[in-house]
Amino acid sequence: MVAQQIINAVSLGGVYALLALGLAIVFSIVGLINFAHGELMTVSGYALLASLFLGFPFPAAVLVAVACGALAAVAMERVAFRPMRGASITSLLLTSFAVSSLLKVVFQNGVSARPQAIAMPSWMTGAFSLGDFTIGVGPTISIVVSVLALIALEVFLRRSVTGTAMRAAAEDFDVVRLLGIPASRIIATAFLLSGLLAGLAAMLWVAQRASVDPLMGFTPVLKAFIAAVVGGLGSLPGAVAGGFLLGVIEVFLQATLPAAAAPYRDAIVLSGVIAVLLVRPQGLIPAVRVQRS
Amino acid sequence: MPTSLYRRHHAALCAAVFGIALTAAPALAEEIIIGAATAQTGGLAPYDQPALAGLRMALDELNAKGGLGGKYKVNLIIKDTRSDTAQTATVAQELIDAGAKIMITPCDADPSISAGQLTQPLGIPTLTLCGSAPVLTEAVGDVMFGTYPADNVQATAVADFAIAEGKKKVFLLTSPDATYTANLPEYFGKVFEKKGGTVVGRGTFTMGQPDFSAEITNIKGLADQPDLIMTAAYEPDFPAFIQQLRAAGVTIPVYGADAIGTPTIKGLGSLVDGVVFTAAGYAEPGSKLEAFNAAFAKHAGHAPESTYEVNGYEIGLILDEAVKTAGSDDPKAIRDAIANLKDFDGITGKITYAGTDRMPLRPVALMRYEGGEQKHVETVTPDAADVPAP
Amino acid sequence: MLAVEALKIRYGEVEAVRRVDLSVGGGEIIALVGANGAGKSSTLGAIAGLVAPAAGRIVFDGTDITGKPPETISRRGVSLVPEGRRIFASLSVAENLRLGGAMHLAAPEAKAREQEMLDLFPILRRYHRIKGGNLSGGEQQMLAIARALMAKPRLILLDEPSLGLAPRMIDTVFDLIAGLRRNGLTVLLVEQNVALALEIADRATVLANGEAVLAGTAKELATSDLVRQAYLGA
């Protein structure tokens, strides 16, 4: 029982971590909370639907869907955010809200307000036994994919020049440019990574929910935002820690809260967030950022 | 912004439809305004839109024949509630100000009640598109009418069926977020226990919840394993729940009610094999419903997605009958006429309001998903004595 | 090599630089001296592309680089060592250095250049794997200069290299700057410590209230009354 709940918590936390990480990467570079991040998930979800509809085999459809999420993120930066470069944070925030609403309407009117079913391959709804208890294939995939994605991102940020430059840009963007590294490359990479992560998260999300709908990105991006804030805005390790913490808290409350208190679940989670921020206003693992005048 | 764009689209559509109707009809007819505060966006849209499509088809046909009662041409004004209870009250007020004499409200109790609280003092008859919570009409008062088989009636039909199948132990999954999801499984539990079954556990979820794993682990951990899970969860929670349930290796059958009789759930394919749900009717060959489905397909360009279309269409017929009986467009007279309706021949069967708390007595069709298809099991009218009180 | 003509810089309503003219020849060390707020750092910022000038022209090696983005100017061969060093605190010394050459040198060349820098600054070799933020102020200044040199620039802009350093460290850093010229590098130095600056510079320009008020050889300026009274405390 307890072991199963731990698996549940890690599986959910992994998805939150991927999303929070996507938000954090963009925030660390451009100082923008991209509220249209959830719609990147929606784009990926519908891309999966379309690819399957066109008869792509399942693995190919998943690749196409994740790639669409990444491309959509880069396009979003190009079309919506690049013209706004140098504008105030408030303007950028409003732009991201506008992009989010626009995409929701596009899916609502262009496809349907109704959720669209995506039948997952039958092997994904199986389970296997490990000693005493059975583990679902779904949560296992979710955990494996999140962990691999986190490792791959870490390797990219540590080993590659662009990755190193991104970590540097999170600290001091101007100096990175002074070293001759183009700002647009850093920003585009940040959005590309956030889109990739959103696409992966969308696949895990859809695998758990078997349907896509125009509003599917709203709840997860809200949770990811909470996770990112708890972890320390703009801090990548913080986003991961925040994501897992949120997953653990949610599963713990879901598992133990008596039915009578169930309506207060979200309120309890958010109270916990406030408590964490009271003790650590900069989040669990604060971002390193040079103080400049 | 998004919704206003959408609304403009619909307004244009309405204008086109009624523009044609107006030019084709004699100019003498009087006009009656029907206000439709319905969700075109958000979580209720998948239910409100098909129901509204059925209603509009009925009103188009009636207008072509001179209007309600052959006399009052309908001017249907549609406003988007965005699936939001507060917004429903706002647009209901706008519709009242625009002169609505009949009000149509969304497929859910909470927004319907918020609109009903505005129409009740004015005596404007108010009909929910497919809201089925039996508490709904009592919460508002004598102007509020349900149209769809009530939750307690549906739950009784499903419970009777489960008992007949030999099911003994049920797990109830509810969500406190909506009257429908909170109460329907509990009505089921009452009937089930009364007829010899036991409720071995209860769980809750939050609508839009990302993850059901903790709840599912609780189900797996029950000492007394259920042989049935009953829930009123719908989209997108129902697909998420059953996907995660099956992915966790749990094969216990899941039963629901009318809200899962949709193309989305059908599209889940083998995942929902064996899921039993309800509908307002079943189109047997040669039935009126089959004829309606064909006519609707011709009218709308696509087949009905569910029985919400025919239910919406029947609302149009009920209103026509009521105005005919009332002989006027006086809201109070129309209300009285609806309340006294008895054995009215609808499309799905006989509809009776007389002697009820304004939740209609009407048959319930039991359906089952099999191999990606909706299969008709039986159509029943539960014994009134078995139906639990709201 | 570098010509700054009638440069004017404005931050909103505030005019930080009214008019600065400057010319730097190849292989020279030019000092830009003046009080705090005289417009020295803004001038360097404009040359490096961090600040867009309100008016005037900046020409480097015959090309107009006025208002070009910093990454472009860097790739033309101008490196700025910013005030306060601004090394990447969470990156290791090695990573700081690698970013310095990332856009200018191919991989093998960058490796060789890194070795040259580690030979030039032996302390950095010792702290190769240490995070930049854990170095002392003087060590960070060395790292900042080494990072700028990684790009093999032809012109290096140094903004207040002595700021906040211990006296012994200041000597080391200035010996090093003098050494750079011997390697054929051109240096534009902004420094509040006028005496120190005039010691190693060939020529100097004095800024006051955003204007170049005096220019000449370092020797001339060191003996001029204005400079002696205002900056050398004589």
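In this predicted model, helix 2 of chain B packs against helix 11 (residues 288-300) of chain B at an angle of about 90°, the two axes being 11 Å apart. Helix 2 of chain B is therefore roughly perpendicular to helix 11 of chain B; angles of 65 to 115 degrees count as roughly perpendicular, under 35 as roughly parallel, over 145 as roughly antiparallel, and the rest as oblique. Axes are lines fitted to C-alpha atoms, for helices over the stretch in contact, with angles from 0 to 180 degrees between N-to-C directions. Helix 2 of chain B contributes Ala53(B), Gly54(B) and Met57(B) to the contact, and helix 11 of chain B contributes Phe296(B), His299(B) and Ala300(B). A contact requires C-beta atoms, placed from the backbone, within 7 Å. By class, this helix pair has four nonpolar, two polar and no charged residues. Nonpolar covers Ala, Val, Leu, Ile, Met, Phe, Trp, Tyr, Cys and Pro; charged covers Asp, Glu, Lys and Arg; the others, Gly among them, are polar.

Residues are numbered from 1 along each chain as its sequence is written, while chains are lettered from A and ligands numbered from 1 in the order in which they are written. Local features need pLDDT of at least 70 and side-chain atom pairs count only at pLDDT 80 or more, whereas totals for chains, interfaces and linings use all residues. Helices (H or I, at least four residues) and strands (E, at least two) are DSSP runs numbered from the N terminus.

An automatic or database domain assignment divides chain B into domain 1 (2-149 + 286-359) and domain 2 (151-279 + 365-380). The domain centres, taken over C-alpha atoms, are separated by 30 Å. The domain contact joins 13 residues of domain 1 of chain B to 14 residues of domain 2 of chain B. On the domain 1 side there are seven nonpolar, three polar and three charged residues.

Two chain contacts are listed by residue count.

| Contact | Residues on each side |
|---|---|
| Chain B with chain A | 38 residues from chain B, 43 residues from chain A |
| Chain C with chain A | 22 residues from chain C, 18 residues from chain A |

On the side of chain B that touches chain A, helix 9 of chain B gives the most, with six residues. That side divides into 17 nonpolar, 16 polar and five charged residues.

Ala326(B) lies in helix 12 (residues 308-326) of chain B. Ala326(B) is buried, with 20 other C-beta atoms within 10 Å; buried means 20 or more such atoms, exposed 12 or fewer, and partly exposed in between, with C-beta atoms placed from the backbone. Leaving out residues up to four places away in sequence, Ala326(B) touches Ala333(B), Ile334(B) and Ala337(B).

Notes
Contact = placed C-beta atoms within 7 Å.
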